[in-house]
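Dear colleague,

Please find the structure below, followed by a summary of what was found in it.

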Amino acid sequence: MEKNFVSNKDESVVMFKSPVLDKLSRIHWSVPLFIFVPVVLYFIYRSFFVVHVSIGWIPVLFIIGIFGWSFTEYVLHRYGFHRELPGKLGKRIHFVIHGVHHDYPNDTHRLVMVPSLSIPLAFFFYFLFWLLLGPNLTSPLYAGFVAGYLIYDMTHYAIHHYAFKSKYWIKIKLHHMKHHYQQPDRGYGVSSSFWDAIFKSEFRGK
C-alpha cells in the first residue's frame with residue numbers, strides 16, 4: 001500500500017522561513033474554544049434578549065446551523081483543502097492549507113484551524129447569513145454554525161490524539177484514519193460521514 005505521509009510522529013515541519021509566520025502556523029487545540037465559545041454564547045444571548053427570536057425557533061435554527069456547518073465542513077475539505085492548483089505556487093498553497101496535515105498527520109499543533117483562517121471564514125459566513133436571512137434569524141443559526149465548527153475542530157484533534165472507547169466515536173475515528181492512510185481521495189467528512197454517503201465519496205471496497 002502506498003505511503004501517504006512523511007512522518008506519523010507528533011512532530012512539526014518548518015513551513016515558513018520567517019519565524020513569526022511559522023509560529024503563527026501552529027496552534028494549541030484549545031485556542032478555538034477561547035475565541036469562539038464566547039461567539040456562540042453572545043449570539044444565543046442576542047437571539048433571546050436583543051432580536052427576540054421566537055423561543056420555539058431558536059433551538060430549531062441552532063440545529064440547522066450545526067447541520068449547515070457539517071455540510072460546509074465537507075465542501076471545504078473536499079473542494080477547498082484537497083484542491084491543488086497548477087504549478088509550484090499551487091502546490092505550495094495546497095501544502096500550507098492542508099497538505100502539511102496529510103504529510104504530518106499527528107502534528108499536535110496543526111490539527112485545528114489557525115485564527116488567521118478561522119476568523120476571516122467566521123466573518124464571511126456571518127455576513128453571508130446576514131444578507132440571506134437578516135439579523136434576527138441569523139443570530140441563532142450562526143450560533144449553531146459556530147458550535148458546529150467547534151465540534152469539528154475538537155473532534156479532529158481528538159481523532160488523532162485520543163483513544164476512544166465508544167463505538168460511535170471509534171467509527172468516526174476509523175473513517176478519518178482511512179481517509180489519511182488508505183484513500184485520501186475519499187471520506188472527506190470529519191465529524192460525520194453523512195455527506196460522504198450523500199455525495200458518493202464513501203471509501204471504495206466498503
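**Aromatic pairs and helix packing**

Tyr-142 has a relative accessible area of 4% and is therefore buried (under 20% relative accessible area; exposed is over 50% and partly exposed in between, with a 1.4 Å probe and protein chains only). The model is a predicted one, in which local features need pLDDT of at least 70 and side-chain atom pairs count only at pLDDT 80 or more, while totals for chains, interfaces and linings use all residues. Residues are numbered from 1 along each chain as its sequence is written, and side-chain values use heavy atoms, with hydrogens and water left out.

A search of the whole structure gives 31 aromatic pairs (rings of Phe, Tyr and Trp, the last by its six-membered ring, with centres within 6.5 Å; planes under 30 degrees apart are stacked, over 60 edge-to-face and the rest tilted). One of them joins Phe-43 and Tyr-142 edge-to-face, at 5.1 Å centre to centre and 75 degrees between the planes. This pair links distant parts of the chain, 99 residues apart: Phe-43 lies in helix α2 (residues 31-49) and Tyr-142 in helix α5 (residues 115-161). Helices are DSSP runs (H or I, at least four residues), numbered from the N terminus. Phe-43 is also buried, at 9% relative accessibility.

The rings of Phe-125 and Phe-145 have planes at 45 degrees and centres 5.0 Å apart, so this pair is tilted. Phe-125 is buried at 12% relative accessible area, and Phe-145 is buried at 6%.

Helix α3 (residues 57-81) and α5 have axes that come within 7 Å and cross at roughly 75 degrees (axes are lines fitted to C-alpha atoms over the stretch in contact, with angles from 0 to 180 degrees between N-to-C directions). The two helices are therefore roughly perpendicular (65 to 115 degrees; under 35 is roughly parallel, over 145 roughly antiparallel and the rest oblique). Residues in contact (heavy atoms within 4.5 Å) include Phe-62, Trp-69 and Leu-76 of α3 and Phe-125, Phe-145 and Tyr-149 of α5.

Trp-169 is located in helix α6 (residues 167-181) and is partly exposed, at 29% relative accessibility. Apart from neighbours within four places in sequence, Trp-169 contacts Thr-155 and Phe-164. The C-alpha atoms of Trp-169 and Ala-158, 11 residues apart along the chain, are separated by 9.6 Å.

Yours sincerely
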